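Let's learn to read a structure together, one feature at a time. Have the sequence and the 3D view ready as we talk.

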Amino acid sequence: MNSQKRVKYLLPAIEVDMGGFPVKQPLPTNKVDQVDPFLLVHHARTQYHDDRPSKTQGIGPHPHRGFSPVTFVIEGEVHHRDSRENNQIAKEGEVQWMHAGAGIVHSERPSEALTARNGVQEIIQIWVNSPADKKMQEPFYKHLSLDIIPVIISEDKKIKNKIIAGTFKGQKSTIPSQSELLILWGLADKKGEQTIKIPENFNTMLYLIKGAMKINGYGIVDAESLVVFEKEGDAISMSFSEDSQFLVLSGQAIDESVSQYGPYVMNTQTEILEAIRDYQMGKMGILIESS
């Protein structure tokens, strides 16, 4: 018999300024620093314009080390370029997974097609921490296109669960994650309902991207809210009163010290200083956005 997970916190997404780029941030907050292994959740919706080249808009080249930034494209397109010569446009419904490892420089721009139509780009980006013994691995980038994402349909046929990381109901994601994860991207029709089984002892959150839902044993959750569950229990039962989208973010706690400075996430302050030095010395590569 499944035991329902209880809600520990409900965290609204609060608008913050990321270097002149407004984003909604439900995690971290003053109350909750991280939900191990998840460090950050950002939700951004931006309209772009055709008044200048797309490669001068969006977020320009910047480094990362020690974790995986993962981007879900809710609407529009994201053009990823990095210092390892990856050059890829992810479209609506697709995911960009980048394990920064020992260090990589990347940019996140709107596509030329998006700026040409003065279109909207809506994304969610999460940061997934890496264990100490994986932080200095070789970086990799993977584009999860619609045709390679496994999908599980709910029993009532009203909810599509896209498996982004981990294993769910016998289907496995193609992502080689650095720790044990279960990440689902759900698309629910009105009146859809389901129970999701969560691996035992995983830390678990649910972010409601849009729509309206009810979590059994708790109540109504509004859009742009992050639900943080207690560790006990192994199931979440949910129902939807309108068409909705949500993310289930669940994973085994890494349980190591975290030292973070801007785009670097390591275990000690010394390792942060080494990351800054290595970036300045060009050891994370150079990104020239020529195409």
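Q: In what order do the 4 strands of the open sheet lie?
A: The general idea comes first: strands of a sheet pair through backbone hydrogen bonds, either parallel or antiparallel. Here the 4 strands form an open sheet in the order β18-β23-β20-β21, with antiparallel pairing. Strands (E, at least two residues) and helices (H or I, at least four) are DSSP runs, numbered from the N terminus, and two strands pair if DSSP finds at least two bridges between them. The edge strands, each pairing on one side only, are β18 (193–197) and β21 (219–222).

Q: Before we go on, what kind of model is this?
A: This is a predicted model, where local features need pLDDT of at least 70 and side-chain atom pairs count only at pLDDT 80 or more, while totals for chains, interfaces and linings use all residues. Residues are numbered from 1 along each chain as its sequence is written, and side-chain values use heavy atoms, leaving out hydrogens and water.

Q: How many bridges join β18 to β23?
A: There are 5 bridges between β18 and β23 (residues 235–240), and the two run antiparallel. To find the pairing in your view, look for T195, which stands opposite S237 in β23.

Q: Which residues of helix α2 are buried?
A: An α-helix has 3.6 residues a turn, so residues three or four places apart point the same way. In α2, the buried residues (under 20% relative accessible area; exposed is over 50%, partly exposed in between, with a 1.4 Å probe and protein chains only) are I272, A275 and D278. Seen down the axis of α2, they fall within an arc of 125 degrees, so they line one face of the helix; the arc is that of the directions from the helix axis to the C-beta atoms. T270, L273 and Q280 are exposed on the other side.

Q: What do the buried residues of α2 pack against?
A: They pack against β25 (259–261) and β26 (264–266), where contact means heavy atoms within 4.5 Å.

Q: Is S225 buried or exposed?
A: S225, in strand β22 (residues 225–229), is buried, with a relative accessible area of 8%. Leaving aside residues up to four places away in sequence, S225 touches L10, L11, P12, L206, Y207 and L208.

Q: And what does T46 touch?
A: T46 is in strand β4 (residues 38–47) and counts as buried at 17% relative accessibility. Not counting residues up to four places away in sequence, T46 touches F21, G119, V120 and Q121.
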